[in-house]
Amino acid sequence: GHGDELVVCDCNFPAASTSAKTTSGKLVLLAGADCPQAVDAICSVLPLDYFVDDPAYHMSPSEGIELPPSGQKVHATVQSALSKHTDIQMKPLERFAFYERANKSFAVVQTMERRPYGCFILKKGV
């Protein structure tokens, strides 16, 4: 529904245990898709919420830890996929804050993304 949050995550994210805590308890596995492909497909049918300041997040490292180049690349390619459908820019969300927010989401979509920090939260709009 409107305002629900959807987690799109990499293959290393604790998707099973996180999805069990979500509103729906649902885990959707996209075996063959990476995060940019998943976000592109999802955003082709799911509008993001323009009524909130930050409807899209990417997981970022904790303070003092640098985002590896491959993590930077997955963030950039997911932003490009997102930009096909909206002008919204993703915001960083620290790793442990991301886990907490993910537990309160509607559902989790796990991809086979291998790059680190390839985890995203999208808030559904109208």
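## Ser 19 in helix α1

Ser 19 touches Gly 25, Lys 26, Leu 27 and Val 108, leaving out residues up to four places away in sequence. Contact here means heavy atoms within 4.5 Å. Ser 19 sits in helix α1, residues 15–21. Helices (H or I, at least four residues) and strands (E, at least two) are DSSP runs, numbered from the N terminus. Ser 19 has a relative accessible area of 4%, so the residue is buried. Buried means under 20% relative accessible area, exposed over 50%, and partly exposed in between (1.4 Å probe, protein chains only).

This is a predicted model: local features need pLDDT of at least 70, side-chain atom pairs count only at pLDDT 80 or more, and totals for chains, interfaces and linings use all residues. Residues are numbered from 1 along each chain as its sequence is written, and side-chain values use heavy atoms, with hydrogens and water left out.

## Aromatic pairs

A pair of aromatic rings is described by the distance of the centres and the angle of the planes. Rings of Phe, Tyr and Trp (its six-membered ring) pair if their centres lie within 6.5 Å; planes under 30 degrees apart count as stacked, over 60 as edge-to-face and the rest as tilted. By this rule there are 3 aromatic pairs. One joins Phe 13 and Tyr 99: the ring centres are 5.6 Å apart and the planes stand at 40°, so this pair is tilted. The pair links distant parts of the chain, 86 residues apart. Phe 13 is in the loop between β1 (5–9) and α1, while Tyr 99 is in helix α4, residues 95–103. Phe 13 is buried, at 5% relative accessibility. Tyr 99 is partly exposed, at 22%.

Tyr 99 also pairs with Phe 96: their ring centres are 5.8 Å apart and their planes at 70°, so the pair is edge-to-face. Phe 96 and Tyr 99 are 3 residues apart in helix α4, which means a separation of about one helical turn. Phe 96 is partly exposed, with a relative accessible area of 44%. One aromatic cluster is formed by Phe 13, Phe 96, Phe 98 and Tyr 99.

## Nonpolar cores

In soluble globular proteins, nonpolar side chains tend to be buried together. A nonpolar core is a set of buried Ala, Val, Leu, Ile, Met, Phe, Trp, Tyr and Cys residues joined through side-chain atoms within 4.5 Å. The largest one here has 19 residues. Those with the most contacts inside it include Val 8, Ile 42 and Leu 122. Two or more residues come from each of β1, α2 (35–43), α3, β5 (107–111) and β6 (120–123). The largest share, 5 residues, is from α2.

Leu 122 has contacts that include Leu 6, Val 8, Ile 42, Leu 48, Ala 56 and Leu 82, not counting residues up to four places away in sequence. Another core, of 14 residues, lies apart from the largest one. Among its members are Val 7, Phe 13, Tyr 57 and Met 59.

His 75 is in helix α3. His 75 is buried, with a relative accessible area of 7%. Beyond its neighbours within four places in sequence, His 75 contacts His 58, Met 59, Leu 67, Met 90, Tyr 117 and Phe 120.

His 85 lies in the loop between α3 (69–83) and β4 (91–94). At 34% relative accessibility, His 85 is partly exposed. His 85 and Leu 46 are 39 residues apart in sequence and 9.5 Å apart in space, C-alpha to C-alpha.
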